[in-house]
Amino acid sequence: MRPTVTAIVVTHDAGVYLDRTLEALSAQTRLPDSVVLVDIGDRERITEAMSAPVPFTQLSASPQLGFGAAVQVAVRSIAPASGDGSWLWLLTADSAPQPGALAALLHALEVSPSVAVAGPKLMQWADPEYISSFGESMTPHGHAVELAEPLLDQAQYDKESDVLAVAASGMLVRQRLWEQLDGFDPGLPAIDDALDFCVRTRLAGHRVSVVPDARILSAGRRAPGTGRIGPRTSRGARERLARTAQLHRRLVYAPPAAVPLHWLSLVPLAILRALGQLLRKRPGNVWAELAAAFAVAFGHVGSVAAARRRLRRTRALPWSSIATLRVPWAEIRRRRALAREDGVAVRRAGRPALQFFPGGGAATVAVTAVVGLAVHAPLFGAGSVAAPGLLPLGDLGQLWGAVGYGWRELGTGFVGVADPFAWLLALLGTVTFWSPSESIVLLYLLALPLAALGGWFAAARVAARPWLRIVGAVLWTLAPTFLIALETGRLGAVLAHLLLPWLVYAATAARRSWSAAATAALLAAGVLAAAPSLWPALAGIWIVSTAVLASSGRRGRGWHRLLPLPIPALALFLPLAAQHVVRGTPLGVFADPGVQLPTGTGGVLDGQIGTVFAFLAGIPDTSATAWSSLAGSGIPAGVAVSLAVALAAPLVVLALASAFLPGASRAVAMLALAGTGFGTAVIGSRLTVATSGEMILGAWPGAGLSLAWLGLGGAALLGLGAGAIQIRMVRATAGVVVAVAVAAAAAPLLWAGLSGSGSAVPGSERTLPALVAASSTSDPGLGTLVLDAQTGPGLAASLQRGAGVRLDQQSTLYSAASADRAIGGITELAANLASRSGYDPLSTIEQQRIGFVLLQPAAPGTRGMHDRAAAALDGNPLFTPVTETDAGRLWRYTGLDAGLPFAAPTGPDALGTPLGAGMLGVQLLVLILTLLLALPTGGIADMVRPEREVRRGSGLRAAEPSARRAPLVLSGGTHAQ
């Protein structure tokens, strides 16, 4: 008896694909007996009947239908099956069969009558010699797997016959079986519909087979598909659909007793898998995991129950009957190993080796390490570093307790958000957890080699020649702003300078890798935490870079990976910024963290022009440099600093010249970076962001100058490597001149450390005299009023507890508003103690628990005010002179022996309030997730799904006007392949 075949073609806005498929159907050597076209497109289309004399019916259905539901519409329009000789040939609009495809399928069914479902060999539309799909299966855990890899068809799979499943496109299925099984599962409208149907076919006692001689073209991911899945479906949406289908099948196939356990595990397992997706550098799949789990847990209850009833009604064989048709774990491991090899090869393709050791990078770091150890030799064995901008660190518990939201022991105390810099201090102190202050000593000893290491790797992004990278490392290590920051103890500026080259190194690769993007995000957060004044510059660079890449078409591929870069920094800064706004000091968020020091260029190079030239030379403060100290050797200070500025001229000239050499576009970008840093330095130093005593402070320009120096150095390296400079000696001479000039400018700064005349010297774990520290051991809340005479008739006052103030206690909320420090009458108390008056200070002294008064040594120009305050304290009967130390003169409160009132309870710690706990929790969550994404997981990141990615394009041929070729990622069981 001759079998009857009804070809059902489902189309969704198919265009050229449908025309070619209908032409291919008309060209079959064995024509189908009838053709039913189901149009589920958004736009109505009138399709001409086939050229072959075959009954042709066109139906219209809802665009929201999936492939299986559309087929059901066609099946209901034809007569029910009268026997086993009625067959349905399921085709999509892009399923163009070769002339003998249907004849080959029917021949295979004649030879094997037990076969109820037969599938063809799907070939890639654009490359018909390459396989697209040829049989499907599952892993032991139920993951869909393509049996054939997307390789050149060399008949390597033609010996296959029995399989677990075939793709929906081109499937030839017995109509009676389709009606018995109720077609495809409505709960699987997009993916794994054919796989599930074939599994139920196997369990019903029928065979599923593939026919290698039947070939059908498939457009893969470029296929029109349906309204549920098509060419515009994003990778993340496909992952969500695939995971939803897998979880749906898991609940359907599970034994009755295991269904509740599977249901309860859906959401917890999704959270764990979401973390795994971050480790695999697939953040786009995180939401897919969570969305799929919630969708199946709460939206598929009815469809799962209906599918389990259908399966129970039609199943005739046990699950063990299909066990041999599953893909074993050994094969899965083999495929993953091949995928890792492919990933490594792709990642390394076209990327030259860094050659850190043979290219001189290691030697450069070693030399700078020797220089750094020599410069900071006095710090060997020290427990801390003493410098104008440095203070000791607390213990490990105090460091980590300072992050977040809580009580700030500054002045009379207040509740506030910690500076993001507190995170850096906590991480830094954890390195030497037994004595956190020693971490700053270690940082000083390793500062120069660490700068050279970062400078070398950043130079590798713009220079291919090893000697140019060495020049870049030297330029970055000897940057004046870096050496001045070390000398004056500006720890934030030091950390920002060390992190900036790594930020450049990671950011330049951010659009190629999620790991690099996450690393860049963490580094950006670290740079901004150390130098908040860089916020406008880095934010502007991020906006411009993202916009340029987004508008560059294919050249800007991966630009979306730049979008999350500011998230960690925003998580750290938004709470602080909000509190600054509430307190009326919005610009305080840009204040330098830590100890507030005077900013500006001092009096050596006065005027706007002098400031500009000093900034161009990378000198943020001429009054604080070792160059100005050369005046003692007979060289006028102005001449000495002007010489330093002149030595930086070769670097600036070469950087500007690079804009007129080949490769000028990259050089212009680096010069724009330099200009951004220069503008940040100029504008930041003019703003009022903090106060210190009677001084109004702006942001230290050194951080902006580090950014400017980075741009100038990059432009100079591009100029040295430009093709227009053909003579090797000329290029080498220019590089040597620049490096030697910068080294000469840095020499006095380095000599200050070598000669022991520098400001960074070994320090102690306390900032108050030993007597105060001894008294605080039994009473940590004991206060010391610290007075510092100013150049005018003013007096700066602060209240310190215990052994003295610590670096981790500093807060820009305190330094940005002097009104905070006046709370509790501290300012009034200091003013009256420093002069003879009738003021009674007892109430304030006992309320603030003040046991000592310390008058710091007189600075130049403050002797008059200093002596006046000392005389007033000597004549005050409430205080007894105790001693005079390097920290200043000390007086003791006479009522201390009788005891002070008990300390009032302080405010909450970081976890003491819902606001503090919530804020810290969000910050930790953002940082941990970003860290997971940034971790270099190696092979895990290179793994792809077991079916692997197609190596060649699919879709319409390039010769066709509407063709666009794109890589195809197979997904088991989807009809839109």
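## Salt bridges

A salt bridge is counted when a side-chain nitrogen of Lys or Arg lies within 4 Å of a carboxyl oxygen of Asp or Glu. The structure is a predicted model: local features need pLDDT of at least 70, side-chain atom pairs count only at pLDDT 80 or more, and totals for chains, interfaces and linings use all residues. Residues are numbered from 1 along each chain as its sequence is written, and side-chain values use heavy atoms, with hydrogens and water left out.

Asp874 belongs to helix H32 (residues 863-874) and Arg889 to strand S22 (residues 888-893), so the bridge ties together parts 15 residues apart in sequence. Helices (H or I, at least four residues) and strands (E, at least two) are DSSP runs, numbered from the N terminus. Asp874 is partly exposed at 37% relative accessible area, and Arg889 is partly exposed at 24%. Here buried means under 20% relative accessible area, exposed over 50%, and partly exposed in between (1.4 Å probe, protein chains only).

The structure holds 22 salt bridges. In the pair of Arg334 and Glu149, N and O are 3.0 Å apart. This pair links distant parts of the chain, 185 residues apart: Arg334 is in helix H10 (residues 329-348), and Glu149 is in the loop between strand S9 (144-146) and strand S10 (172-174). Arg334 is partly exposed, at 37%, whereas Glu149 is buried, at 5%.

## Nonpolar cores

A nonpolar core is a set of buried Ala, Val, Leu, Ile, Met, Phe, Trp, Tyr and Cys residues joined through side-chain atoms within 4.5 Å. The largest core has 122 residues, and Ile440, Phe482 and Leu491 have the most contacts inside it. Helix H18 (residues 514-530) gives the most to this core, with 12 residues. The core lies between domain 3 (378-393 + 436-763) and domain 4 (394-434 + 767-912), because both give residues to it; the domain bounds come from an automatic or database domain assignment. A second, separate core has 92 residues, including Val9, Leu18, Ala104 and Trp178.

Which helix residues are enclosed? In helix H5 (residues 193-203), 11 of the 11 residues are buried, so the helix is largely enclosed by the rest of the structure. Just after H5, Gly205 has a positive phi of about 100 degrees.

Thr244 sits in helix H6 (residues 235-253) and is buried, with a relative accessible area of 10%. Apart from neighbours within four places in sequence, Thr244 is in contact (heavy atoms within 4.5 Å) with Ala292, Val296 and His300.

## Surface and chain totals

Leu269, Ile271, Leu272, Leu275, Leu925 and Leu929 make a nonpolar surface patch of about 500 Å². Patches are made of residues with over 30% relative accessible area and no salt bridge: like charges are joined within 9 Å, nonpolar side chains (Val, Leu, Ile, Met, Phe, Trp, Tyr) within 5 Å. Helix H7 gives the most to the patch, with 4 residues.

The chain has 34 helices and 24 strands, and buried residues make up 55% of its 977 residues. Its accessible surface comes to about 39900 Å², of which 63% belongs to carbon and sulfur atoms. Accessible areas come from the Shrake-Rupley method with a 1.4 Å probe; for residues, only the protein chains shown count as cover.
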